[in-house]
Amino acid sequence: MEISRTKVKDLLQMPAGQRVLAKGWVRTKRGNKEIAFIALNDGSTIKNVQIVVDKNADTEPILAKISTGACIGVEGNLVESVGSGQAVEIHAENITVYGECDPVRYPLQKKDTSFEYLRSVAHMRPRTNTFGAIYRLRSQMAFAIHDYFHSRGFVYVHTPLITASDAEGAGQMFQVTTLDLNNVPKNKKGQPDYSKDFFGKMTSLTVSGQLEGELGATALGEVYTFGPTFRAENSNTPRHLAEFWMIEPEMAFYDINDNMDLAEDFIKSLVKYALNNCYDDIKFLNDRYDNELIERLEGVINTEFVRLEYTEGIEILEKAVADGKVTFEYPISWGVDLQSEHERYLVEKHFNKPVILTGYPKDIKAFYMKQNEDGKTVRAMDVLFPKIGEIIGGSEREASLTKLEKRIDELQMSRKGLEWYLDTRRFGSCPHSGFGLGFERLLLFITGMSNIRDVIPFPRTPKNAEY
């Protein structure tokens, strides 16, 4: 009778005394003259199942084909393990080699396991324990995000990746065109004639789904987007990617306080989900790379976030500098956009807990944020986390058509491509709020990794678009 394959994750939970079939990739092979021990992993768990093979004339030929990285199937008896580290192991009776692996050319040699090296072989790094754990966590977190919003009645809205509007007003966008770059048609002013382009106008990859998300919120109440976004920012820091994923909820009838409440509850729920459902992977990362990871994650769940006005935050930072407690690379004063070093000082040194910073100067924030009565600040909010800095950015949106139009004019932005957005304020405007959570920033926090390129399968950065 043919046996169905059982995943390693399930095998390790089964009682001994059963005949089983496991399939996967060899992590290690070792042994002595009589017995070979093979550690087999199929990606379903951080843990391996040990395969015990009695060496004899029949098994020698097939054992010779098996090396680290080879893909095999093993049929045998699941028995109690006499060794430490696992409750059960498989005593092999039949082994099938699906794919041999050249041990000399295999890129995952023990001598070359730095993160920098592994980025150069990103197509193979999922085979390592570390990246197997990271990618399982990434998958689980994506599910947890959808589950969180679905359980609260939010509508999942798909916003366009190709757009003619710039949500941030920064202009750092990747252009999308079908024009022949060797023979670009020009208009009378000598500029590219986009009327000849595929969409008949200049278009780019989106930097955010927020503006379109607001359309959904002002019709459906509470919505969220979750998809890839793109920024053509020539930055090679450990915190920036050219292609990354964003979660962006938008909610009608939420003010800034409702927005902060949701952001705090959302991120606490995600961290709790990770600890409850991905503990083995998190413990591996904790033990291997960051022995404070679990403590830090539990700390987020069990603490109330500080809510702090930008002005008060600046005063704390200025006093810390004046008292000689810290020296910042970037000068600090009211009106500056906080750098990661400033944010992390507030979180890690001054409060020792996450901080939600609000009331930013309007001159350093986007045009759509609701202005406060002082005329100088807006109802923005940034959630600041240990080791990361800003992990969430959001605001109450400006509901007044007059104020929004004035702000667009102040920034000398083109209104031509924003009339559709302004219609939400012309026809039944309502108070509403929203925020954006960078998925990879969340994963940096949950995995304890220090470089954002290590929490996305195929990082896109300046001069790098491999695979």
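Lysine 365 lies over the face of tyrosine 360, 4.2 Å from the ring centre; a charge counts as sitting over a ring if NZ of Lys or CZ of Arg is within 6 Å of the ring centre and within 35 degrees of the ring normal. This is a predicted model, in which local features need pLDDT of at least 70 and side-chain atom pairs count only at pLDDT 80 or more, while totals for chains, interfaces and linings use all residues. Residues are numbered from 1 along each chain as its sequence is written, and side-chain values use heavy atoms, with hydrogens and water left out.

I turn to the ring pairs. Rings of Phe, Tyr and Trp (its six-membered ring) pair if their centres lie within 6.5 Å; planes under 30 degrees apart count as stacked, over 60 as edge-to-face and the rest as tilted. By this rule there are 23 aromatic pairs. One of them joins phenylalanine 143 and tyrosine 273, tilted, at 6.3 Å centre to centre and 45° between the planes. Phenylalanine 143 is in helix α4 (residues 129-151) and tyrosine 273 in helix α6 (residues 256-277), 130 residues apart; helices are DSSP runs of H or I, at least four residues, and strands of E, at least two, numbered from the N terminus.

Phenylalanine 143 is partly exposed at 47% relative accessible area, whereas tyrosine 273 is buried at 18%. Buried means under 20%, exposed over 50%, and partly exposed in between (1.4 Å probe, protein chains only).
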